[in-house]
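Hi,

Here is the structure I promised to pass on to you. Have a look at it first, and then read on for what turned up.

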Amino acid sequence: MSSIKKVVLAYSGGLDTSAIVPWLKENYNCEVVAFVADVGQGAEELEGVEAKAIASGASECHIVDLKDELVADYIYPTLKTGAIYEGTYLLGTSMARPIIAKAQVEVARKVGADALSHGCTGKGNDQVRFESCFAALAPDLKVIAPWREWDLSSRESLLDYLAERNIPCAASATKIYSRDANAWHISHEGGELEDPWCQPSDQVWTWTNSPEQAPNESQFVQLSVKNGEVVAVNGEQMSPFQVLTTLNEIAAPHGIGRVDIVENRLVGMKSRGCYETPGGTVIMAALQAIDELVLDKTSRKWKDTLANEFSHLVYDGRWFTPLKDSILAAAEAFSTLATGEVVLKLYKGQVTAVQKQSQNSLYSEDFATFGEDDVYDQSHAEGFIRLFSLSSRISAMNNK
């Protein structure tokens, strides 16, 4: 007989978690408390979610607003590192998982639960992300992953399972794509995307215009950056969440932020995902523009290393680790220089920094000019080159 008395389930209101509620009650003879994280996925996804949870058999439902904290305490710090997974993916799903896991643990403590549950499949990254966070924050709580235990193997079997128990669910057997949305992005998997040779159809994209549909006129937006954080849009001071939502509204019509990538999952397989990150793409472009001005060559090289390491850390779900603290501390040191203004041009799916300035800029027109100057003696370059290439010279002499 199960020793589990109360489980807190990360609940979305979709097909999987609707089936998990009764399955937990039947197989563990326990009370199920639903936990819903509001990470900016939109009012449509949250509408009626509490009633759905109760109708599925949950004893109660806790909806926790995490939008501001997600952007300020997870997305903005990640941006300071410059992290981009495998050169393309802006880590939208990955960045949201630690804050959701943390809030789920807090609800579990509040209601006196002795177990946690999620609807992640045994093939995906999210099971690792959630359970790694659970291990760091609540190692005493048992974790139940129904997809690794039950014999329900398809959407049809889940729908039949719910129908047998007269549990309402709006899902159908014809769902094409698997999607995940938050304030930062929306991801798309499944359907024709499972064939890398198949171009995404128009029905894949739900947030941004295609470049062909985008306005024929470009739009300019000015971002104010202070210590590595965007603090104002077009001169208006805003919170991190307000910055993101404002830029999403501005950039999406221009087709900004579409990505189609075949990525390496943590569990060993490759998967194809299409991502839409309109506002985030604009923010990243602005921060990169400031870095161009304020970081010297070796600092930029080191930050590239930090960015790559942090992208894997976030993707792999290792947020609550000493390594995260270490990398963020290094990124924070660089961010003390990252203050300035950037003007970006948005046009037909492209975002380009066309104007940039910083009080900490290392760029000097006096030195860089192709015109006449009196600050740089070009003859000095000869000695530099001879020393810089000395090892190559010695090697060539030895070969002779």
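How are helix 1 and helix 7 oriented to each other: parallel, antiparallel, perpendicular or oblique? Please keep in mind that this is a predicted model. The axes of helix 1 (residues 15–28) and helix 7 (residues 155–164) come within 10 Å, and they cross at roughly 55 degrees. Angles of 65 to 115 degrees would count as roughly perpendicular and those under 35 degrees as roughly parallel, so the two helices are oblique to each other. Their crossing is left-handed.

On the helix 1 side, the contact is made by Leu15, Asp16, Ser18, Ala19, Pro22, Trp23 and Glu26. Helix 7 brings Arg155, Leu158, Leu159, Tyr161 and Leu162 to this contact. By type, the residues of the contact between helix 1 and helix 7 split into eight nonpolar, three charged and one polar.

Helix 10 gives the largest share of the lining, with five residues. In the lining of this second largest pocket there are eight nonpolar, six polar and five charged residues.

Definitions and conventions
Residues numbered from 1 in each chain as written. Predicted model: local features only at pLDDT ≥ 70, side-chain atom pairs only at ≥ 80, totals over all residues. Heavy atoms only, no water. Helix = DSSP H or I, 4+ residues; strand = E, 2+ residues; numbered from the N terminus. Nonpolar A, V, L, I, M, F, W, Y, C, P; charged D, E, K, R; others polar. Axes fitted to C-alpha atoms, helices over the stretch in contact; angles between N-to-C directions. Parallel < 35°, antiparallel > 145°, perpendicular 65-115°, else oblique. Left-handed = near helix turned anticlockwise from the far one by under 90°. Contact = heavy atoms within 4.5 Å.
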